[in-house]
Amino acid sequence: MQTFSTGMTVGQLMMEHPECTPILHAHQISATGALGLTLGQACAAKNVDAASLLSKLVASASEPGGVPTTDLRRMTDLELIEHVLTVHHTFLRRALPWLQHVSGRVVELHGERDARLMELDSALSELADWLRKHMQEEEEALFPMLLQGRLRTDILRRELRAVRHEHAEVTGFIRRLRECSDDYTAPHWADSVHKEFLAELEVLEQDILRHMFVENQVLLPRFVADLG
Ligand SMILES: [Fe+2]
Ligand SMILES: [Fe+2]
């Protein structure tokens, strides 16, 4: 049985129990903005009943399957970077083309009924472009630079601050996706394609938040402990 308490920080919880991340995200508690808060504080800020959330977290941690609970902190730098590439970058390269294709189909089918579907399609397209460029820069420049380990600390600090600053931009994209989709809620008239699209958008958000969390909180601090 896992032990959880409202005194744990959200960051500690996500690090030690990654299987709980989807439940936190479902309650709007995410790696963007709540990491340093205790679970109790994050619940109060989002008007979430802490006792009921705690029982869901305990239940999820006791379930077999789900998100693998690999302890990323025990990995070498190379293993951790390979984990980011094989889990998160690979997921995005598979998910984004499919999501963009289905988004276009949903616009064709229902765009006249709900103009926000076109806004959602544009927001997804901008996010996809941003993610592809960001991943390419990491794969071609950042990760090789980290593995070579030859940069002066002041230059490394500047580079890593820039990466973390770039990660913060993703929050704006996710906010737009949520605004255009009523937090991924299907309208009463939605068909199965539309419902699946919204469900998969939410999976995309969860993966992106976990991806940014791993890079910001596990990978980058290995190279510069205090990025300020
Ligand atoms: Fe990445
Ligand atoms: Fe990144």
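Biologist: Why is Leu-85 called partly exposed?

Modeller: In this predicted model, Leu-85 has 14 C-beta neighbours inside 10 Å. A residue is buried with 20 or more such neighbours and exposed with 12 or fewer. The count for Leu-85 falls in between, so Leu-85 is partly exposed.

Biologist: Where does Leu-85 lie, and what is its distance from Glu-139?

Modeller: Leu-85 belongs to helix 5, which covers residues 77-110. Leu-85 and Glu-139 are 54 residues apart in sequence, and their C-alpha atoms are 8.3 Å apart in space.

Biologist: Let's look at the loops. Why does Asn-47 count as exposed?

Modeller: Asn-47 has 8 C-beta neighbours inside 10 Å. The cut-off for exposed is 12 or fewer, so Asn-47 counts as exposed. You will find Asn-47 in the loop between helix 3 (39-46) and helix 4 (50-62). Its phi is positive, about 60°, although Asn-47 is not a glycine.

Biologist: What makes Asp-182 exposed?

Modeller: Try the count again: 11 other C-beta atoms lie within 10 Å of Asp-182. With 12 or fewer, a residue is exposed, and therefore Asp-182 is exposed. Asp-182 sits in the loop between helix 8 (170-180) and helix 9 (192-223). Asp-182 is a residue other than glycine, and its phi is positive, near 50°.

Biologist: How do you know how helix 8 and helix 9 run relative to each other?

Modeller: Helix 8 and helix 9 pack at an angle of about 165°, with 11 Å between their axes. The cut-off is over 145 degrees, and therefore helix 8 and helix 9 are roughly antiparallel to each other. The crossing of helix 8 and helix 9 is left-handed. Val-170, Ile-174 and Leu-177 of helix 8 meet Leu-201, Glu-205, Ile-208 and Met-212 of helix 9.

Biologist: Let's step back to the whole chain. How many helices and strands does the protein have?

Modeller: There are 9 helices and 0 strands. From the N terminus on, the elements run α-α-α-α-α-α-α-α-α.

Biologist: How is the protein divided into domains?

Modeller: Domain 1 covers 10-62 and domain 2 covers 75-223. The centres of domain 1 and domain 2, taken over C-alpha atoms, are 21 Å apart.

Biologist: What percentage of the residues is buried?

Modeller: Buried residues make up 23% of the 228 residues. As for contacts between residues at least 6 apart in sequence, 76% of them join residues at least 24 apart.

Conventions
Residues are numbered from 1 along each chain as its sequence is written. Chains are lettered from A and ligands numbered from 1 in the order in which they are written. This is a predicted model: local features need pLDDT of at least 70, side-chain atom pairs count only at pLDDT 80 or more; totals for chains, interfaces and linings use all residues. Helices (H or I, at least four residues) and strands (E, at least two) are DSSP runs, numbered from the N terminus. Two residues are in contact if their C-beta atoms, placed from the backbone, lie within 7 Å. Domain bounds come from an automatic or database domain assignment. Axes are lines fitted to C-alpha atoms, for helices over the stretch in contact, and angles run from 0 to 180 degrees between N-to-C directions. Angles under 35 degrees count as roughly parallel, over 145 as roughly antiparallel, 65 to 115 as roughly perpendicular and the rest as oblique. A crossing is left-handed if the near helix is turned anticlockwise from the far one by less than a right angle, and right-handed if clockwise.
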